[in-house]
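User: I have a chain here and would like to go through the terms used to describe it. Could you set each value against its definition as we go?

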Amino acid sequence: MDQAYVKVDSVSKVFDTFSGDRIVAIEDISFNIRSGEFISILGPSGCGKSTLLRIIAGLLKPSGGIVSVGGNQVQGPIKGIGFVFQKPVLFDWYKVLSNILAPAELAGLRKRDYVDKAYELIRLVKLEGFEDKYPKELSGGMQQRVSIARALILDPEILIMDEPFGALDALTRDQLNLELLKIWSEKRKTILFVTHNIPEAVLLGDRVVVFSERPGRIKAIIPIELPRPRNIEVKKDKKFGELEVELYKLIAGSDDSEIKGLANEGEG
Ligand SMILES: Nc1ncnc2c1ncn2[C@@H]1O[C@H](COP(=O)(O)OP(=O)(O)O)[C@@H](O)[C@H]1O
Ligand SMILES: [Mg+2]
């Protein structure tokens, strides 16, 4: 369990923009992730969180450094990763069941081999009875549940979630956070969860990786030593509040406006 499953070693990324500027998105990022670990990545907008996720998934080449997954260097898009983004990006013309089966279809697999699994996931994300609805007939939270089920259909080792609940209202977000914890405890995926919401990072993570403003560097990696399984009661824990304050201070540095930005729910 202590062995590194994902290794991020001195990774940096420089973008050349159309206007001729060079943007250093991330700089010298190093950390390891254990198999089955829940990692929260916390940082202000534009600090390179999504860039790092794309590099880990092999969708983007780093300018420097190496990522390896399961002992193999990542050199192109890797299999075994499920994605959940802030926008659910569902097929409007597919019903819920077909949306969940879409990755199997796109991979050229036989959809019928995955139908039982799809129903199991529908139960897991609490969408029983909505199999035959179209995305537009669902609330934002329910659409995000579909995205989670879809991300799990091919049984990925790693689940990458890029501000998945950032567009939801606070109540729905809390609810989905708790359900995600249940899903994780059942499926034991390695999860990389990006957020700029501090309580969410603490509630979910085994560790919180804190990014600086751009160019994104790791400011700190904070272990979240709160008991599991966690439920909403954990927010009453003195330790929870202490961790929140520690993270606010780390993120904000001396800039007060950043604290206010981070305290706001649901910012895109
Ligand atoms: N394809 C790209 N071309 C040029 N600049 C990019 C590209 N992708 C991201 N960036 C820039 O890199 C920085 C980090 O972006 P991103 O990883 O999306 O940040 P975050 O996810 O933390 O909000 C931003 O300044 C963004 O404008
Ligand atoms: Mg992003």
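User: What makes Asp-237 a cap for the N-terminal end of α7?

Analyst: Happy to start there! This is a predicted model, in which local features need pLDDT of at least 70 and side-chain atom pairs count only at pLDDT 80 or more, while totals for chains, interfaces and linings use all residues. Residues are numbered from 1 along each chain as its sequence is written, chains are lettered from A and ligands numbered from 1 in the order in which they are written, and side-chain values use heavy atoms, with hydrogens and water left out. Now the cap: a side-chain oxygen of Asp-237 lies 3.0 Å from the backbone nitrogen of Lys-239. A polar contact is a pair of N or O atoms within 3.5 Å; within protein, one must be able to donate a hydrogen and the other to accept it, and residues adjacent in sequence count only if both atoms are side-chain atoms.

User: Which residues of α7 are buried, and why can they be placed on the same side?

Analyst: Buried means under 20% relative accessible area, exposed over 50%, and partly exposed in between (1.4 Å probe, protein chains only). In α7 the buried residues are Phe-240, Leu-243, Glu-244, Leu-247, Ile-251 and Ala-252. Their arc around the axis is only 150 degrees, which puts them on the same side of α7. That arc is taken from the directions from the helix axis to the C-beta atoms. As background, an α-helix has 3.6 residues a turn, so residues three or four places apart point the same way. The face turned away from the buried side of α7 carries the exposed residues Lys-238 and Lys-249.

User: What makes α4 "mostly covered"?

Analyst: Twelve of the 13 residues of α4 are buried. Among them are Met-142, Gln-143, Arg-145 and Arg-150. The cover includes β6 (81-85), α2 (96-106), α3, β7 (158-162) and α5 (170-187). As for its length, α4 reaches 19 Å from first C-alpha to last, close to the 18 Å expected at 1.5 Å a residue.

User: Why is Gln-144 called buried, and what does it touch?

Analyst: Gln-144 sits in helix α4. Its relative accessibility is 1%, so Gln-144 counts as buried. Contact means heavy atoms within 4.5 Å. Leaving out residues up to four places away in sequence, Gln-144 touches Val-84, Phe-85, Gln-86, Pro-88, Pro-164, Phe-165 and Leu-176.

User: Why is Phe-130 called partly exposed?

Analyst: The relative accessibility of Phe-130 is 29%, so this residue falls in the partly exposed class. Phe-130 lies in the loop between α3 (115-124) and α4 (140-152). Its contacts, not counting residues up to four places away in sequence, are Val-96, Leu-138 and Met-142.

User: What makes the phi of Lys-126 worth noting?

Analyst: Phi of Lys-126 is near 60 degrees, a positive value in a residue other than glycine. Lys-126 is in the loop between α3 and α4, and at 44% relative accessibility it counts as partly exposed. Asp-28 also has a positive phi, about 50 degrees, although it is not a glycine. Asp-28 lies in strand β2, residues 22-34.

User: Which peptide bonds are called cis, from Arg-214 and from Arg-228?

Analyst: The bond from Arg-214 to Pro-215 is cis, with omega near -5 degrees. The bond from Arg-228 to Pro-229 is cis as well, with omega near -5 degrees. Pro-215 lies in the loop between β9 (207-211) and β10 (218-223), and Pro-229 in the loop between β10 and α7.

User: How do you know that the chain agrees with a compact globule?

Analyst: The radius of gyration is taken over C-alpha atoms, and the globule rule is 2.2 Å times the number of residues to the power 0.38. With 268 residues, a compact globule would have a value near 18 Å; the chain has 18 Å, so it agrees. Of these 268 residues, 49% count as buried.

Methods:
Helix = DSSP H or I, 4+ residues; strand = E, 2+ residues; numbered from the N terminus. Expected span 1.5 Å × (residues − 1).
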